[in-house]
Each structure stands twice: as structure tokens, then as C-alpha cells.
Amino acid sequence: MSTLGQLVLSGIFIGGIYALMSMGLTLIFGVLRVVNFAHGEFLMLGMYGAWAITRLLDLNPYIAAIAIVPAMLLFGAIVHQLIVRPALDKPHLVVVFATMGLSIFMQNVALMIMTADLWDVPPMFNRSVAIGPFYFKAELLLGFAITIVCTLLLQWVIRATYLGKAIRATVQDGEAAMLMGIPVPRIFLITFAGGSALVGLAACIMMPLFSVFPTVGLNFVLIAFVIVVLGGMGSIEGALLGGICIGVVQSISSYYVAPAYGQMFYFILFLLVMIFRPNGLLGQKGAATIGIND
Amino acid sequence: MSLDVTQQSTGRLALPFLPRRGARVSVLEIFIFIVCLALAIIGLPQTLQDVAVLTFLWAGLALAWNIAGGYAGLISFGHAAFFGIGAYTSTILFVHLGLTPWIGIWCGGALAALFGALLALICARLRGPFFILSTLAAAEVVRIGALNWASLTGGPEGLSIPPVAGMTSMVFASKAAYVAMMLLFLLVVYAITKLLEGSRYGYYLFSVRDDSDAASAAGVNPLTVRTAAMALSAGLTGIGGSLFAQYFLYLDPTFVISPELSFQFGLLAAVGGLGTAIGPVLGSFLITPMSELLRSYLGNQAAGLHLVIYSALLIVVMLYFPGGIAGALTRIVSRKGKL
């Protein structure tokens, strides 16, 4: 029983971190209606950045976030201006191939510069924290706490500020929002850059927990897409809920199912969700069935 | 200027130009065919023969990918799975059971087609990015499966075909035979594509790609059309995989079923021009020799460089010439026609 409790709780914590990683994707998807295939590579870039700052400047990944988040914000803005914006008024296929191209580009540049080796940062706290009878890595708890704070903050921005109102209006009906005087292209830019900054933050939190290598994005991007589909696109609390579900399923299955097939987990889970729940947990208008033909 | 009805209704999907329909053969195609034939007949130096083999093979595979990706709108980044299934099927049948690859190739193609049809049925409801990611995930499942099922596939050590030339083993001593074999493969896939373009079934494909709802209202069943297109594309890819195995004589899952290979098929087709017969051929003829020569000059120290170039080229082509090379050519030709 205590094993199961341990598994469920650590699943919830890791799921929260997955949710933070997916929030940028779900925001961009909800507002721009385009999928950033390079999302996983944005995460990879952020993780390499956090690793470099930690190793070269002898700081820790959480302090690195102060530099990484604005850097990713800028990077997102540049990618949006150079690649996403010119593709928006073209056939849907264009943005798919352009971001896919960006993803392959970033992966292979990383492969050339950093080689295929796995890099990680030294443990910082070197101890576990006890919650009742259960023990957790301090990095995991800290990451989860940061995720919760970010979710609440993001919720507040979207609910209460003018910018949030403009974003919600754009999600509901882009053309009507434009007619009401909302600068939709600027909202697109802010959302894309903001989503990239969120991935940067997620990267800093994940760096103490995972190793970084050029194709690290592929595993995580599939999880992020599962979370977006489960939670409903554009929904922050949906992403948190979806993330926690995925975290618990992963934590339990990796303990009870043969670990040799552990790396298959992400892919099989993705396919199962796509086959059986393409409309999400709460049955919203399906994120997965909106796309090229509709 | 008269408005083209098909282009009006296609919305965001509409490719910037629609392929010239019908099984007509243009001067450009005949010219390319003659050049290819000449290359196959006259003796090329050893290194260039390798380049020719790969150029023809990748062109055929990009065409096969284009049947699903360009004509049916089923963008797949899982075609490496079909390629791998074809390659492994014929090789396993030959190495373990002694069945000649002349038969094994068809078994590989059939199995790959079956797998393609299954994948299309499973992902029938999915659109756009989710379809793409599902194909990617399915291919990864196949790759990891092949890595772990060592008794059948040899696992990470791979599987070799004994390099003894012979007719029954379909292993040839001269590279020229391989050049001819791959050119034949390219011609067959090209002929199938051209026939498809002009046929009733081809029009079903276009209609489902451009507007699935309108197509089903007109009595076309999108599910069967998509499934058949995916099966055809996968089957041809499987046959290409078997041919690759006969040429390379060594298979290992990390190359044969890699996501990079799937991207490569898609990239060649997209750079050349999606939804055209000549596009993928032009794409491969332009890019494959370039990347092969680059690889032989730079050696292994620049792992991934050819993909960096591929992908940068892809981004530029997609943003500025969404119709690819074939689209740009068509535009130039039609502009000249007007003047």
C-alpha cells in the first residue's frame, strides 16, 4: 500500500512538471491554431542553456532560469517573426513542414555541437524530503511548487488582465476579436514568445531531474501533445489535470510493467490516447480532430 | 480570369497549384528519363554509381511517400516503419528460411501494406498534427520492438545478408546492376503515380484531401480511400526497403527504422513539390547527390550536417516556394506562356 501511495504521489509531482512543459504548447495551439512541432526542441535548447549556466558559471538551474526565461522569450519571438508569421496565411501544410524543419534543424545542430552524449547537472540538495511516510527528491517537490505558482499566476493573467482578456477573445473568435480592435497579430507574437518562455522555465526545472541530449525533445513532446489533447487545447487547468493523470500512469506502469519496454511507454500511451480519447478527458471539441482538413 | 472551383473550396489546405492531371508525359519527363537511362547504361565511376543507386532509390521512396502525403493529404513521419518492415521481411525470409528475395520482396511489400492500412484505420479520426505524431509514434514502437526482438531481427547487432553474388540470393557483383534495379523501381513507382493521377481513384484522393466532407457528400468514402492510399504507399515503401536491404546487405533498426529516414522521405517530396509526380524525383535528384558528396567529403566528423542542410532548405522552400521545385517550374512555364 505504501508503495502504491509513493508511486501515486511522485506521479502527481512529476505530472505537474510535465503540465508546465505543456502549457506553452497548449497556449500557442489555442491562440494561433498552429502546432509548434519544434516545441520539444525549444525544451532541449532551454535544458542545454540551463546545463551550460550551471556547469560553466557554477550556479544552479533555478538561478539559471533568470537568464533562460528571457532568452527563450526572445528566441520564441524571433522564431515567430521569421518562421511562424510568414506561414500563417499559407496552407496549413506549410506551417507543419516549416516547424518540423525547425525541429530537425535544432536537433542536428545540437548533435553537431554537443554530440549525442547525455549531460546532467550534479545533484543540488542531495537529500530527500519526507511527507508522512513517503520520501521525495527535493528537486521534484521544488519543481512541483514552482509549477503550481506558475499555474496560478498564469490563470490570474488570463482571467484578470487586459492582455488575458484579449487572448481569450482571440481563442474564441480571431476575426471578431480583430473587429473589436484587438491587435491580433501582436497577441499572436506575445502568445508565441510567452509560450516559449514557459518552456524555458520548464527546462530549468527539469534539468536537475533529467539528462539532456539532442533528441530529448521527442519523448517529452509526445507527452506534451497527450496532455494538450487530454486537457483540451488552450486550457491551463486542463493541462494541469492531464499532466497529473499522465504522471500517475507513467509512475505506476514503469514500476509494474517490464522496464525493458519502458522507452516504448511514451509512444504507446500517445497512440492509445489518440485512438480512444481523441476528444480529451472532458470531451471538449476534439483538439486532435481539428487540423488540416477542417 | 476564371475562378477555379477546386481551388476556391479548398480553404487552408489548398496546395498553391494543383497538379496537372491526366497521364500525359511532358518533355521534361522524357528528358529526365533519357538522362537516367544513359547514366545507367554508360559506366559510371564506382563512387558515382553508389550516388546513382541512392538517388534513384530515394526518388522512388519519396514518390511512394507522396502518394500518401501529397495526394491523399496523409502526412506521415512513420514511413521508416514500412521501409524497415519490407527490408526485414525479405531478409529474414532469406537468412532464416532460405526463401529467395525475388519472392521475399513481395512478402515484405504486402506486410508493409497491411501495416499501413492498419495504421490508417487506427488513425482515421485524427487530423493534422495528431495524425503526423501518431505515425511517428507507431514507427518508434516498431523500432523499439525490432531492437528488443533479437531472436528474429538480430536486435542492435543487426542482420547481414551473406555478400555472395548470385541470382537466387539477388546479390549482384556489379554496381551497375543495382543502378538498373533502382532505376526500374523508380520507373515503376513513377508509372503508378502517373496512372493514379489520371484515374478515377486519383480524383477520389484529391477530393478527400481537399475537402473530406464534400467528398463524402458526393459519395466518396474517405475512410476506404485514405486506407487504400496509405496501403499503396506503404507497400511500395516496403518494396523499396527490401531493395535497399539487397543493396546494403546489412540492416540495423537504428538506421532502417529511424525517424530521420521518415523525415527524409517527406523532405525530398516537399522540397521537390508535394502532390506532383515529378516533384519528389526532382527533389531527390537535387538533394541526394549533394548530401552524399557532402558526407563523403566531410566524413563522420560532421554527423547530422546533411540533415541541418536538408531542414534549412525545407524551411526556406516551404515559406517562399510552397509548391516546391515543381511548383516554381510550373510558375515560370505558365508565366512564359502568358507573355
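Because the model is predicted, local features need pLDDT of at least 70 and side-chain atom pairs count only at pLDDT 80 or more, while totals for chains, interfaces and linings use all residues. Residues are numbered from 1 along each chain as its sequence is written, and chains are lettered from A and ligands numbered from 1 in the order in which they are written. Helices (H or I, at least four residues) and strands (E, at least two) are DSSP runs, numbered from the N terminus.

The account begins with chain A. Helix H3 of chain A, residues 61-88, packs against helix H4 of chain A, residues 92-114, at an angle of about 155 degrees, and the two axes are 8 Å apart. Here axes are lines fitted to C-alpha atoms, for helices over the stretch in contact, and angles run from 0 to 180 degrees between N-to-C directions. H3(A) and H4(A) are therefore roughly antiparallel to each other; angles under 35 degrees count as roughly parallel, over 145 as roughly antiparallel, 65 to 115 as roughly perpendicular and the rest as oblique. The crossing of H3(A) and H4(A) is right-handed, a term used if the near helix is turned clockwise from the far one by less than a right angle, with anticlockwise giving left-handed. On the H3(A) side, A:Val79, A:Ile83, A:Val84, A:Ala87 and A:Leu88 meet A:Val94, A:Val95, A:Ala98, A:Thr99 and A:Leu102 of H4(A). Contact between two residues requires their C-beta atoms, placed from the backbone, to lie within 7 Å. The contact of H3(A) with H4(A) comprises nine nonpolar residues, one polar and no charged, where Ala, Val, Leu, Ile, Met, Phe, Trp, Tyr, Cys and Pro count as nonpolar, Asp, Glu, Lys and Arg as charged, and the others, Gly among them, as polar.

Helix H2 of chain A (residues 39-57) meets H8(A) in another geometry. Their axes come within 8 Å and cross at roughly 50 degrees, and H2(A) and H8(A) are therefore oblique to each other. H2(A) passes H8(A) in a right-handed crossing. H2(A) contributes A:His39, A:Phe42, A:Leu43, A:Gly46, A:Met47 and A:Ala50, whereas H8(A) contributes A:Ser196, A:Val199, A:Gly200, A:Ala202, A:Ala203, A:Cys204 and A:Met206. By class, this contact has nine nonpolar, four polar and no charged residues.

H8(A), residues 184-206, also belongs to what covers the buried residues of H5(A), together with helix H1 (2-32) and strand S2 (134-137) of chain A, among others. H5(A) spans residues 138-160; its 23 residues reach 33 Å from first C-alpha to last, close to the 33 Å expected at 1.5 Å a residue. That expected span is 1.5 Å times one less than the number of residues. The buried residues of H5(A) are A:Glu139, A:Leu140, A:Gly143, A:Phe144 and A:Thr147. A residue is buried if 20 or more other C-beta atoms lie within 10 Å of its own, exposed if 12 or fewer, and partly exposed in between, with C-beta atoms placed from the backbone.

Which part of chain B supplies the largest share of the side that touches chain A? In total, 39 residues of chain B are in contact with 39 residues of chain A. H6(B) (128-148), H13(B) (259-272) and H15(B) (305-320) each supply at least two residues of that side of chain B, and the largest share, 12 residues, comes from H6(B). The residues of this side divide into 28 nonpolar, seven polar and four charged.

Among the buried residues are B:Phe263, B:Gln264 and B:Leu268. B:Gly273 follows H13(B) and has a positive phi, near 135 degrees.

B:Leu282 is buried, with 23 other C-beta atoms within 10 Å. Leaving aside residues up to four places away in sequence, B:Leu282 touches B:Gly272, B:Ile325 and B:Ala326.
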